[in-house]
Amino acid sequence: MADQCPYLKKLASLNSEKRPGNGANKTVAEGRLVQLLEGQTVPVQMGNLPNAPPSWYNPIKFQQGQEFVRRHFAGISLAHFVSLITMLTSPQILKPLIFTQKSETVLKSFKRYIGTVVHVTSWYFGDVWQKDNPARRSIQIVRNMHDHGCRQMNHPDRRPQVDNTAMAECGKPFDEPSMLPSLHIDTQALASCPYVGLRRQTNKQEDPYVYFNQFDMADSQFAFVGVLVLFPHKFGATYASDDELRGFIHFWRCIGYLLGIEDRFNFCDDDNLELTRDLCRHYLDKMIKPAFKEASAEFEHMARAVAKGASLYYPGVSFESLFAYYANVVGLPSNNFIHHMPFFQWLYFLYLRLVFSVLCWIPGVMRLFSSLTRFAIGLVVARSDTVSWWPKNWKPPQVGGLDLFWTLIPKAKKVKSSQSNFVQNGA
Ligand code: HEM
């Protein structure tokens, strides 16, 4: 019967994807991870964008990746948010974010991350290869931000300040009771990270940490692709084909290249879906999950700020519900955490599960939620066509300057024209 019914066939294939990778691929994944860790001493490439696409750029795959995102926008936005929260467990990424003082309060975090949402969306919808396209300008702006941060934080006068960032720099603590004790109880039995000896620390005076290094960039790339490649069906992309996922990996390989990641340190190196999946699984089990054993008060504060900021345009969302959803998806122990969640957050967690893991099996549901997501962001970005008729007292705060990048192009442009534009115009 499973042979005939497309629903059962899909379910069987998704379940088989949960099996751990075979021995050979695991060794490849281990080797790749060790190679990525070597990037900790190599700073990310800065300055102007490269003038030409890399030799391995494939416009068809790239557009397949973009098309995949456009069709699953709501689920992919959710995946990015939950992964962002978990990425903050890494002190190497958390400290620069605390140091810049741009996301430690609700309002700052709202502005900071709506900026991220709009920039990244412009890459998904625009043409990063074409001169003067908003998407390409956006990439250059982000490169400049990283460039500025890198110079500041690696300056010998400032580095000790970054190394020692702590709760004192996070501003007024939030009122909610801490969930850290529950989180620690849940994760204490997990094995520690086997790569801890290879992980460089941020507060060693004699061996200073290189902020904005190639490994931290690859770590962030994992946050963008990891859970989607491993669990597309938990983010509404139930019917994602292997080609679409390959395109998505290729897209992030190109974005990594444009943001200054060397090929040897690109998390999405090679567009091999099976190898990337094995690397993601290995990375999740060995690096990400054990990191929750050490989750700090700074992590919880900054993660709460992200969720509270996002709740201004995704009503109801919270740190608790996003974390619980992530834990449920990746199989992180979370019984205590869920038991201690406030009732409303627990309901919201169930709502996320219902919509993104179940209802999105129904054709059309993802399209509806994607339109709602784009609409909510449009209200913040303040485009006149989305805001004029919407009741004023239901509007989230608006952020200026982002409408330049909020140019959603519903249909992919012809590959040929996009490529020839690049060649003609350079960058
Ligand atoms: C794939 C990798 C990455 C992507 C796609 C990315 C994306 C972005 C985007 C879109 C912005 C603009 C946000 C705005 O408009 O306010 C931004 C800013 C910034 N990013 Fe990244 N980023 C990456 C890696 C990193 C890493 C590894 C670090 C830290 C070690 C970092 C630290 C920052 C900082 C400090 C800013 C300036 C805003 C602030 O102070 O929070 N980024 N990034």
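Hi everyone, let's start with L408: setting aside its neighbours within four places in sequence, this residue is in contact with F125 and R374. Before I go on, please keep in mind that this is a predicted model.

So where does L408 sit? You'll find L408 in the loop that runs between helix 18 (384-387) and helix 19 (415-425). Is L408 buried or exposed, or something in between? L408 is partly exposed, because 15 other C-beta atoms lie within 10 Å, and a residue needs 20 or more to count as buried.

Now, on to the ligand. There are 22 residues around the ligand, and the ones that come nearest are T100, K102, G115, H119 and S220. Which helices supply at least two residues each to that shell? They are helix 5 (91-99), helix 6 (106-125), helix 7 (134-153) and helix 10 (214-230). Helix 6 gives the most, with 5 residues. If you sort the shell by class, you get 10 nonpolar, 9 polar and 3 charged residues.

Last stop, an annotation. UniProt, in an unreviewed entry, lists residues 346-369 as "transmembrane region". And what does the model show for residues 346-369? The span is 75% helix and 0% strand, and its end C-alpha atoms lie 21 Å apart.

Technical notes:
Residues numbered from 1 in each chain as written. Predicted model: local features only at pLDDT ≥ 70, side-chain atom pairs only at ≥ 80, totals over all residues. Near = placed C-beta within 6 Å. Helix = DSSP H or I, 4+ residues; strand = E, 2+ residues; numbered from the N terminus. Nonpolar A, V, L, I, M, F, W, Y, C, P; charged D, E, K, R; others polar. Buried ≥ 20, exposed ≤ 12 C-beta atoms within 10 Å, placed from the backbone. Contact = placed C-beta atoms within 7 Å. UniProt positions renumbered as here; feature names shortened; annotations may be inferred.
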